[in-house]
Amino acid sequence: MRVFQVEDGWSIEHVRLSTRLDPQPGASQVRIRMRASALNYRDRLVPVRGYGSRMKTLPLIMLSDGVGIIDAVGERVTHLKVGDRVCPLFFQTWTSGEPTKPRLSLSLGAELDGTMAEWMVLPAEGVALAPTHLSDLEAATLPTAGVTAWRTLVTEGRVKPGDTVVVQGTGGVALFALQFAKLLGAFVIVTSSSDEKLARARELGADETINYLTIPEWGKRAREIVGSDGIDHVVDVGGQGTLGQSARAVRTGGTISLLGVLAGGTMDIPFGPIVTRNVRLQGVTVGSADDFAAMARAITQHQSRPVIDRVFGFEELLSALDYLASGKHFGKVCIQH
Ligand SMILES: NC(=O)c1ccc[n+]([C@@H]2O[C@H](COP(=O)([O-])OP(=O)(O)OC[C@H]3O[C@@H](n4cnc5c(N)ncnc54)[C@H](OP(=O)(O)O)[C@@H]3O)[C@@H](O)[C@H]2O)c1
């Protein structure tokens, strides 16, 4: 079968179109004919071994997100059948419950081979039924960015109607967070470097927007917009470069969810106000199979659709990664197999 993999060295130059033997499912496994994949910021770091020593030895098949149709099942698989359309789950051993070291230890496209293959063979517990109203490309975006936003706002965040939420940027996770926060009945402020993207965010339901380049003190501005002690929940994707303003924005007793380090990976903000104002800092790393199922149920009931910016062909993975790095995208960048 055709695969796109990091082949014989950790660098982007070693990411190549290649072949592997067609896989066969074992007794408790399913084989999936892959139909689409989707990119995440993380996939830019994988070729340079950005996730450290736990990563799979080479070769490593790229990308964590995708969808496909089951075309073979092992004899012990009972709850899935040939023809089911499923998404491989980001964490293969986090079924439910709290995050633990073992549950966070096996993710696709890093410790395990990813979705850029004609077929994937996975344990039946490692896949989930995709919402039927979504296209293949839309469904492919759910396991990483969708589940991360869901766990952030619902499982961990417990956002409720009337809450105020700030979402940073207009990338993949951010637009899922905007959509889910609106679905939960929150008042949502979106920040972006681009006024054009902010106009599109308003079309998607953002109540207010702030350009973080023209208004560097966007945390103060967010606080002024809600006219109270501050924001209930800030979804932070920047890390070092954004946490100061997130702390400025958040209310006493509010939550800052720490999802990413787009603007640096160490903390250098004053901790006094975080402590005395009882601010909760919550790290989030994707989520469990239960999170996926709850998210899929909500998406189905509300007939929500992920935002797809651009689609590339299977052979165009490197161009797709370059495009993601350009930061021009609004929402998800996908691969049609
Ligand atoms: N923790 C998890 O489980 C998890 C899961 C998925 C992703 N992540 C992390 O979340 C982050 C976003 O991932 P993604 O896949 O959504 O990336 P992405 O689609 O590439 O989104 C990047 C967008 O983030 C915005 N951005 C960049 N720097 C910013 C800054 N200083 N302040 C505010 N916004 C900024 C930009 O939006 P504008 O163009 O609108 O300015 C940019 O387009 C990454 O750090 C990623 O590793 C974490």
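Me: I have the structure open; how many helices and strands does the chain have?

Reply: The chain has 10 helices and 16 strands. Keep in mind as we go that this is a predicted model.

Me: How do I judge whether the chain is as compact as a globular protein of its length?

Reply: Set its radius of gyration beside the globule rule. Here the radius of gyration is 20 Å, close to the 20 Å that the rule gives for 337 residues, so the chain is as compact as a globular protein of that length. Along the principal axes, its C-alpha atoms fill a box of roughly 60 × 40 × 35 Å. Buried residues account for 54% of the 337.

Me: What share of the contacts join residues at least 24 apart in sequence?

Reply: Taking contacts between residues at least 6 apart, 68% join residues at least 24 apart.

Me: Is H4 mostly covered or mostly open?

Reply: Count the residues under 20% relative accessible area. Nine of the 12 residues of H4 are buried, so the helix is mostly covered. Among them are Leu-175, Phe-176, Leu-178 and Phe-180, and Gln-179 is buried too.

Me: What do those buried residues pack against?

Reply: Their partners are helices H3 (142-156), H5 (195-203) and H9 (289-302), together with strands S9 (164-168), S10 (187-192) and S16 (332-336). Just after H4, look for Gly-185, which has a positive phi of about 90°.

Me: You mentioned H3 and H9. At what angle do they pack?

Reply: The angle is about 90°, and the axes are 9 Å apart. That makes H3 roughly perpendicular to H9. On the H3 side the contact includes Leu-142, Val-147 and Trp-150, while H9 brings residues including Phe-292, Met-295 and Ile-299. By class, this contact has nine nonpolar, two polar and two charged residues.

Me: Now a single residue, Val-234. Is it buried or exposed?

Reply: Val-234 lies in strand S12, residues 231-236. Its relative accessibility is 0%, so Val-234 counts as buried.

Me: Which residues is Val-234 in contact with, leaving aside neighbours within four places in sequence?

Reply: Val-234 is in contact with Val-166, Gln-168, Ser-246, Ala-249, Val-250, Thr-255, Ile-256 and Ser-257.

Me: And how far apart are Val-234 and Ile-335?

Reply: In sequence they are 101 residues apart, and in space 30 Å, C-alpha to C-alpha.

Key:
Residues are numbered from 1 along each chain as its sequence is written. This is a predicted model: local features need pLDDT of at least 70, side-chain atom pairs count only at pLDDT 80 or more; totals for chains, interfaces and linings use all residues. Side-chain values use heavy atoms; hydrogens and water are left out. Buried means under 20% relative accessible area, exposed over 50%, partly exposed in between (1.4 Å probe, protein chains only). Helices (H or I, at least four residues) and strands (E, at least two) are DSSP runs, numbered from the N terminus. Contact means heavy atoms within 4.5 Å. Axes are lines fitted to C-alpha atoms, for helices over the stretch in contact, and angles run from 0 to 180 degrees between N-to-C directions. Angles under 35 degrees count as roughly parallel, over 145 as roughly antiparallel, 65 to 115 as roughly perpendicular and the rest as oblique. Ala, Val, Leu, Ile, Met, Phe, Trp, Tyr, Cys and Pro count as nonpolar, Asp, Glu, Lys and Arg as charged, and the others, Gly among them, as polar. The radius of gyration is taken over C-alpha atoms; the globule rule is 2.2 Å times the number of residues to the power 0.38.
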